[in-house]
Amino acid sequence: MKRLFMTALAAGFLSISMMAQKNPKLNAGNIDEVLAAMTLEEKAQLLVGGANNFFSQTAVMGNFAQTVPGAAGTTATIERLGIPETIVTDGPAGVHIDGTRPGTSKTFYATGFPIGTCLASTWNTELVKDVGRAIGNETKAYKCDVILGPGMNIHRNPLCGRNFEYYSEDPILTGRIGTAYVQGVQSEGVGVSLKHFAVNSQETQRVVVDERLSVRALREIYLRGFEMVVREANPWTVMSSYNRINGVFAQGNYDLLTKTLREEWGFRGIVMTDWIGRRTALPVKQCVWAGNDLFMPGQPEQSKDIVDAVNNGTLNIKDVDRNVRYMLEYIVKTPSFNKTTGNESPDLKIHAQITRQSATEGMVLLKNQNATLPMKNIKTVALFGTGSYHFLSGGVGSGCVHTPYIVDMVEGLKNAGISSTPLLTDIYRKYIDYAKLKFEADRNPMRWFENSNMGDQKYPEIAISQRSIISEVSKADAAIITISRQAGEGVDRIIDEEFGLTTDEKNLVSDVCAIYHQVGKPVIVIINSGSVLETASWRHLPDAILVAWQPGEEGGNSVADILTGKVNPSGRLPMTWPLSVYDHPSTANFPQDKVEIYDYETLKSSGYDIPNRDYTMHSEDIWVGYRHFDTNNKPVAYPFGFGLSYTTFEYGKPAVKRSGNQITVSITIRNTGKMAGKEVAQVYVSAPKAAYEKPAKELKAFGKTRLLAPGQSETLKMTLNVRDLASFSEKDNQWVADAGSYTFMVGSNVENINGSATLNLEKYTEKVSDAFVSKK
């Protein structure tokens with residue numbers, strides 16, 4: 001009897017053991033075991049996002065994550081194997097979730113940080129890391145695992161509607177700022193998603209447009225920033241873009257996602273698609289094979305497609321297993337898996353201080369005639385422009401943030417002890433109330449950029465009569481005009497209406513300047529925009545021009561800090577400001593009229609291969625931004641890297657030294673003025689003449705001083721690798737830095753070089769794969 005009992009007991013233990021083997025619970029040490037235990041259906045499920053209701057949404061952008069209302073999406077849950085859902089939230093200027101929820105009076109607002117162009121304008125990687133840490137902290141606090149950012153695409157043209165999310169026209173500045181942001185976010189134990197990989201250079205028809213460009217331009221300009229972040233910051237995820245690259249959709253591009261991203265750069269995270277459903281032009285099996293690990297936001301049909309493709313032999317199970325492994329490796333790192341999510345109560349006050357500081361450091365002073373700024377003996381100002389009263393903290397689309405407040409110009413100046421004239425303030429306040437109501441009555445919720453959940457809108461400017469302006473002169477010590485621009489996801493900018501000033505804006509600037517100057521009072525223009533504006537036709541009129549960008553929730557306070565001299569401006573332009581948008585060679589091949597993404601089928605029915613709808617030619621090749629203007633000595637309004645200060649700086653003689661593969665450029669900078677300030681030293685390199693044409697000079701490194709008191713100095717040591725000097729040779733698929741003398745120029749912008757040093761180098765080559773080379 002005892003033997004029978006022991007036999008039965010052993011059989012029971014064996015059964016339990018076998019059940020345990022069939023149902024292992026995921027942990028960091030048993031990924032192989034869990035993978036082996038998964039059914040094909042479970043594997044397919046894990047490779048598809050957890051929303052599964054994308055096309056049932058009533059608005060353009062739905063609420064795909066029920067656990068965290070307003071988050072962008074989730075991964076699938078497989079309870080049998082202990083695989084939890086993970087949650088991703090939009091960014092990159094802060095956590096994009098719903099600020100309020102049904103059934104609770106608690107608010108869930110997130111800090112609105114400066115947009116990408118403003119962060120890049122700081123040229124301060126340590127400060128950007130601080131911003132990243134704060135964003136990472138809020139991501140985890142609000143029970144999310146990944147923030148969908150940073151945006152790493154290049155400012156190919158000023159008309160791109162999404163430039164505000166991106167950093168620069170230059171890949172090195174993009175890469176350095178992006179690396180700092182990622183390191184900051186991920187130091188908090190959450191992940192990022194580099195986007196949009198790659199060549200997402202326009203919003204018009206972004207889902208289908210074919211970006212046609214040379215392999216050299218692709219690697220040198222559009223991929224290099226991504227490469228720097230992947231190699232230096234190990235991002236958890238990368239988001240593949242909607243568009244095609246030389247005929248192949250990025251989401252199904254093996255050369256992009258596997259040969260380059262994984263095999264060349266060593267990426268070990270997951271690749272997720274940008275948010276889209278099942279695509280008839282791009283089979284799911286091709287995306288899985290190419291290296292797309294996760295389809296977002298997810299449809300049940302996509303899981304079925306994977307299962308069917310494996311069963312009918314058109315998709316190798318090894319490719320599925322490879323992608324599932326990456327997914328499991330990602331999941332075990334997340335706060336959701338490790339149960340380290342927060343209590344939904346981040347320290348918004350501390351983070352507001354960070355956004356205020358980073359915004360002021362990113363603001364760029366373009367003009368300061370007769371030392372108008374910082375303001376002296378100014379107690380009352382006349383505030384003109386709707387933007388003074390409806391200040392835009394960020395752009396529209398998925399990159400917006402639901403903030404607890406936004407400080408406008410009236411409040412910011414008031415906090416600094418400066419009042420605004422009552423009548424003018426009352427006029428604009430009442431107009432803003434009317435404009436909001438009218439917008440809500442007129443808006444189309446199916447238009448992405450009009451979705452009420454997708455950010456603040458810019459309201460049309462109103463005409464202010466000369467009589468009204470004259471009536472304000474005696475009441476104010478100075479006039480401030482805010483010129484605002486809004487742009488965002490899904491639509492590009494129009495030249496006449498959004499790059500240039502409108503008739504009402506031109507008249508306002510002209511009339512205010514004429515009337516105030518007649519009585520000897522200054523006029524200051526604040527540009528509240530995520531991207532470039534035309535300034536050549538009016539910049540001679542005001543006394544000072546400050547680019548505030550879209551600086552986050554503390555915007556009005558940050559502007560006031562600059563205007564009053566509490567902070568000395570140290571921002572520098574991350575892109576060229578041309579005299580005309582047509583001076584950019586890319587404008588000839590960029591959409592110049594507003595066609596909404598939802599009008600495409602109608603447009604397409606009139607013909608095929610529509611330029612800048614079906615395809616866009618990158619005829620400018622590598623000559624993007626200052627590479628074109630500087631090399632061809634073409635005049636600009638403000639050059640790349642430009643920015644004024646309230647003080648002056650003296651540059652010593654630069655020195656350059658090589659140690660192994662690292663090159664160090666050193667320079668001493670001294671504050672020779674009367675006010676404490678920071679200076680940005682920019683290192684441009686001129687290469688020896690090669691077999692292929694190269695720019696006159698290219699940014700290769702930069703550094704920013706600490707706050708220097710008058711008379712103080714600091715020696716900056718800026719490093720780069722020999723590899724950073726290489727250009728891409730399409731002839732033999734390799735990076736090449738030719739032998740010869742390289743000139744290292746240090747200056748305050750691309751046109752203002754203060755000193756140089758030379759270094760002789762032997763030839764450097766680095767062979768890479770034949771990715772992107774035509775196989776015809």
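Student: Where does Tyr-459 lie?

Tutor: In this predicted model, Tyr-459 sits in the loop between helix H16 (422-442) and helix H17 (466-473).

Student: Is Tyr-459 buried or exposed there?

Tutor: Tyr-459 counts as buried, because its relative accessibility is 9%, and the cut-off for buried is under 20%.

Student: Which residues is Tyr-459 in contact with?

Tutor: Setting aside neighbours within four places in sequence, Tyr-459 is in contact with Thr-386, His-390, Tyr-431, Ile-432, Ala-435, Lys-436 and Phe-439.

Student: And what separates the C-alpha atoms of Tyr-459 and Gln-518?

Tutor: Those C-alpha atoms are 30 Å apart, while the two residues are 59 residues apart along the chain.

Student: Let us change topic to helices. How do the axes of H5 and H14 cross?

Tutor: Helix H5 (residues 125-141) and helix H14 (residues 348-362) have axes that come within 10 Å and cross at roughly 150°. H5 is therefore roughly antiparallel to H14, since angles over 145 degrees count that way. The crossing of H5 past H14 is left-handed.

Student: Which residues make that contact?

Tutor: From H5 they are Leu-127, Asp-130, Val-131, Ala-134, Asn-137 and Glu-138. From H14 they are Leu-348, His-351, Ile-354, Gln-357, Ser-358 and Glu-361. The residues of this contact of H5 with H14 comprise 5 nonpolar, 4 polar and 3 charged.

Student: What about H5 and H6, at what angle do they pack?

Tutor: H5 and helix H6 (residues 171-186) pack at about 40°, and their axes are 6 Å apart. That angle makes H5 oblique to H6. Here H5 passes H6 in a right-handed crossing.

Student: Which residues of H5 and H6 meet?

Tutor: H5 contributes Thr-125, Val-128, Lys-129, Gly-132, Arg-133, Ile-135 and Gly-136. H6 contributes Arg-176, Ile-177, Ala-180, Tyr-181, Gln-183, Gly-184 and Val-185. In the contact of H5 with H6, the residues divide into 6 nonpolar, 5 polar and 3 charged.

Student: Now the sheet. What is the order of its 3 strands?

Tutor: The order is S23-S24-S27, in an open sheet with antiparallel pairing. Strand S23 (727-729) and strand S27 (764-767) are at the edges with a single partner strand each, so one side of each has no neighbour in the sheet. From one strand to the next, the twist averages 30°.

Student: How many bridges join S23 to S24?

Tutor: S23 is joined by 3 bridges to strand S24 (residues 734-737), and the two run antiparallel. Ser-729 stands opposite Gln-734 in S24.

Student: Which helix lies across S23 and S24?

Tutor: Helix H7 (residues 215-222) does, running at about 155° to S23.

Student: Is Phe-772 buried or exposed?

Tutor: Phe-772 counts as buried, at 13% relative accessibility. Phe-772 is in the segment after S27, and its phi is near 75°, which is positive.

Conventions
Residues numbered from 1 in each chain as written. Predicted model: local features only at pLDDT ≥ 70, side-chain atom pairs only at ≥ 80, totals over all residues. Heavy atoms only, no water. Axes fitted to C-alpha atoms, helices over the stretch in contact; angles between N-to-C directions. Helix = DSSP H or I, 4+ residues; strand = E, 2+ residues; numbered from the N terminus. Parallel < 35°, antiparallel > 145°, perpendicular 65-115°, else oblique. Left-handed = near helix turned anticlockwise from the far one by under 90°. Contact = heavy atoms within 4.5 Å. Nonpolar A, V, L, I, M, F, W, Y, C, P; charged D, E, K, R; others polar. Pairing = 2+ DSSP bridges. Buried < 20%, exposed > 50% of the residue type's maximum accessible area, 1.4 Å probe, protein only.
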